[in-house]
Amino acid sequence: MLKKIENYFKTHKLIFWIFNIVVIAVLLKIFQMIAYPETHYEELFTKDNLRFLFFGRPGEIGGLALTFILAIVSIILSFVLGSILGIARWSSVKIIKIPAILYIEIVRATPLLMVIFWVFFAIPVFSMSFFHTQAHVSPTVAAIIAFTIFTSAYVAEIVRAGINSIPKGQFEAAKSLGMNNFKTFFYIILPQAYRKMIPAFVSQFVALFKDTSLAYTIGVIEFFRAATIINNRLYISFEVFSFVALVYFSIAFSMSKFSHTLEKKVEKQLNA
């Protein structure tokens, strides 16, 4: 019976995804009925509150929409910067390898929250010191810069590990075909390495999506900050943050399942 259910969910992944969301929602409801019988979900689920949570104030982008913007832009930028740093870290040329190592080690040893504050407050100081002008960076831009700096260090290590996983025989085979170092690396090694890195990339970007909630500390009204504002107005913390947790879980779980599917596809391709 269990085997049949497992096989059914393997072939109906969307139903499996919905089933997991429903299970979490039911568990939350059971917990609420036992520990907190009186709820006020009707106050939370008004048209204005839902609009504010998902899209922000009228005429502005905020809430969950801004969370997605923060995550997507940061993912693209950190992928590009992390790839450059990862290749530099893997390289044997010391003049580019040593700065890459310093960057990666310093950032990885620093809490993300501190990076966010540092970027937000340091940009105006640097602007005044070097350009003698007061730069005004919006909290959203500062958050994107901070997420990019932080995540690129981890992406760099993924890239380095991916390149190292390619057998040396691939390099020798490419050279025996008359390819130079540039063509060998960019046409033979890097495409194979990136395919192996996909699951690790997705896991890192799921973490980045969840970390975007820290942007509220510098005044970015993303999803978590929007929920906090509603809670401060209605004083229904259990209802607000239960709903927020369910939304974060739904999105992160979907990305995680997507990562698992990609991982299987990559394994099939590599073993073919």
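Me: Before we start, what pLDDT do local features need here?
Reply: Residues are numbered from 1 along each chain as its sequence is written, and side-chain values use heavy atoms, with hydrogens and water left out. Since this is a predicted model, side-chain atom pairs count only at pLDDT 80 or more, totals for chains, interfaces and linings use all residues, and local features need pLDDT of at least 70.

Me: Okay, which helix holds N231?
Reply: Helices here are DSSP runs of H or I with at least four residues, numbered from the N terminus. N231 has its place in a helix covering residues 223-234, and that one is α11.

Me: Is N231 buried or exposed?
Reply: Buried means under 20% relative accessible area, exposed means over 50%, and partly exposed is in between (1.4 Å probe, protein chains only). N231 has a relative accessible area of 9%, so the word for N231 is buried.

Me: Which residues does N231 touch, leaving aside its neighbours within four places in sequence?
Reply: Contact means heavy atoms within 4.5 Å. With those neighbours set aside, the contacts of N231 are I236, S237, V240 and F241.

Me: How many salt bridges does a search of the whole structure find?
Reply: A salt bridge needs a side-chain nitrogen of Lys or Arg within 4 Å of a carboxyl oxygen of Asp or Glu. One of them joins E60 and R57, at 3.7 Å from N to O. Searching the whole structure, the count comes to four.

Me: What does E60 count as, and what does R57 count as?
Reply: E60 has 46% relative accessibility, so E60 counts as partly exposed. R57 has 39% relative accessibility, and that also makes R57 partly exposed.

Me: How many residues apart in sequence are the parts that E157 and R89 tie together?
Reply: E157 and R89 form a salt bridge, with the closest N and O atoms 3.7 Å apart. E157 lies in helix α8 (residues 139-164) and R89 in helix α5 (residues 63-90), so the parts they tie together are separated in sequence by 68 residues.

Me: Which residues are linked with E157 in a network of salt bridges?
Reply: E157 also meets R160 in a salt bridge at 3.1 Å, N to O. R160 and E157 are three residues apart in helix α8, so about one helical turn separates them. E157 counts as buried at 15% relative accessibility, while R160, at 22%, is partly exposed. The network links E157 with R89, R108 and R160.

Me: How are the rings of W90 and F185 arranged?
Reply: A search of the whole structure finds 20 aromatic pairs. Rings of Phe, Tyr and Trp (its six-membered ring) pair if their centres lie within 6.5 Å; planes under 30 degrees apart count as stacked, over 60 as edge-to-face and the rest as tilted. The centres of W90 and F185 are 5.1 Å apart with planes at 25°, so this pair is stacked.

Me: Where does F185 lie, and is F185 buried or exposed?
Reply: W90 lies in helix α5 and F185 in helix α10 (residues 181-211), so the pair ties together parts 95 residues apart in sequence. With a relative accessible area of 7%, F185 is buried.

Me: Which residues form one aromatic cluster?
Reply: This cluster includes a Tyr, Y248.

Conventions:
Helices (H or I, at least four residues) and strands (E, at least two) are DSSP runs, numbered from the N terminus.
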